[in-house]
Amino acid sequence: AGVSADTLRRIEKGEVIPRYETMEILSSIYREDLLTLLKNARIDKLLYEYHDKLDELITFYDEEKMMALEEEIRKNFSSDFHESVINPDEVLQFLELIQGTSLYHSRFREDHEEAKKVLLKSLRRTWPDFTLRKYKNYKYSYIELRILLLLSILMAEKDAISLSTNILFFIRQRLENNATSTYHPHLIIKI
């Protein structure tokens, strides 16, 4: 690849970002499109650290942990001195997913309707024309896939079982191709 072993180790650990040409060469050696992987990794490291916690709470809901996670995210991403380049809509989607997850786990039926509204609104932050019937027309981020997961489960409650099942198969396929979470197997089981 034309890079030293030390440089390659640093690239693999995420300590340095290689040049475009190096990524192309490494992609052919690894037989994996590393440019696509790099695009998926362009998320703020701090926000990324919350992904496992979120997956755990989607799978094994704990209200106290969920509230603590929300408080921590608000604290870390509301300060003016946060120097990270991050899409504010992604943070808002994360917070809305937390809210939707809490409503989803409520025992009250009306909270489930509210969860669906919150989650749809959240997806429309990045996809203003989003509709569940056209779910295949969109490319989803890590957080958006989890939003879609909860929406599809909520749809099944409203007798939209066929569409819900199709969406769940779609999500499962996406998750199997991109296993990044410790709780990934639990999400597959949930699906």
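Contact here means heavy atoms within 4.5 Å. Helices (H or I, at least four residues) and strands (E, at least two) are DSSP runs, numbered from the N terminus.

Before we start, some ground rules: this is a predicted model, where local features need pLDDT of at least 70, side-chain atom pairs count only at pLDDT 80 or more, and totals for chains, interfaces and linings use all residues. Residues are numbered from 1 along each chain as its sequence is written, and side-chain values use heavy atoms, with hydrogens and water left out.

**Exercise 1. Find out how many helices and strands the protein has, and what share of its residues is buried.**

Step 1: Go through the secondary structure, and you get ten helices and zero strands. Read along the sequence, that gives α-α-α-α-α-α-α-α-α-α.

Step 2: Now for burial. Buried means under 20% relative accessible area, exposed over 50%, and partly exposed in between (1.4 Å probe, protein chains only). Of the 191 residues, 37% count as buried.

Step 3: Take the contacts in the protein with a separation of 6 or more; residues 24 or more positions apart account for 57% of them.

**Exercise 2. Describe how helix α6 packs against helix α8.**

Step 1: Two packed helices are described by the angle between their axes and the distance between the axes. The axes are lines fitted to C-alpha atoms, for helices over the stretch in contact, and angles run from 0 to 180 degrees between N-to-C directions.

Step 2: α6 covers residues 88-104 and α8 covers residues 142-157; they pack at about 25°, with axes 10 Å apart. That makes α6 roughly parallel to α8 (angles under 35 degrees count as roughly parallel, over 145 as roughly antiparallel, 65 to 115 as roughly perpendicular and the rest as oblique).

Step 3: The α6 and α8 crossing is left-handed, the label used if the near helix is turned anticlockwise from the far one by less than a right angle, with right-handed used if clockwise.

Step 4: Who touches whom? From α6 come Glu90, Gln93, Phe94, Leu97, Thr101 and Tyr104, and they meet Ile143, Glu144, Arg146, Ile147, Leu150, Ile153 and Leu154 in α8. Sort the residues of this contact and you find eight nonpolar, two polar and three charged (Ala, Val, Leu, Ile, Met, Phe, Trp, Tyr, Cys and Pro count as nonpolar, Asp, Glu, Lys and Arg as charged, and the others, Gly among them, as polar).

**Exercise 3. Do the packing description again for α7 and α8.**

Step 1: The angle between α7 and α8 is about 145°, and their axes are 10 Å apart.

Step 2: α7 passes α8 in a left-handed crossing. Among the contact residues are His112, Leu119 and Leu123 of α7, and Leu148, Leu151 and Met155 of α8.

Step 3: The residues of the α7 contact with α8 split into ten nonpolar, three polar and four charged.

**Exercise 4. Work out whether Ile98, Val118 and Tyr48 are buried or partly exposed.**

Step 1: Ile98 lies in α6. Its relative accessible area is 0%, so Ile98 is buried. Leaving aside residues up to four places away in sequence, Ile98 touches Leu54, Met66, Leu69, Glu70 and Ile73.

Step 2: Val118 sits in α7, residues 109-126. With a relative accessible area of 8%, Val118 is buried too. Val118 and Leu103 are 15 residues apart in sequence and 9.2 Å apart in space, C-alpha to C-alpha.

Step 3: Tyr48 belongs to α4, residues 45-59. Its relative accessibility is 40%, so Tyr48 counts as partly exposed.
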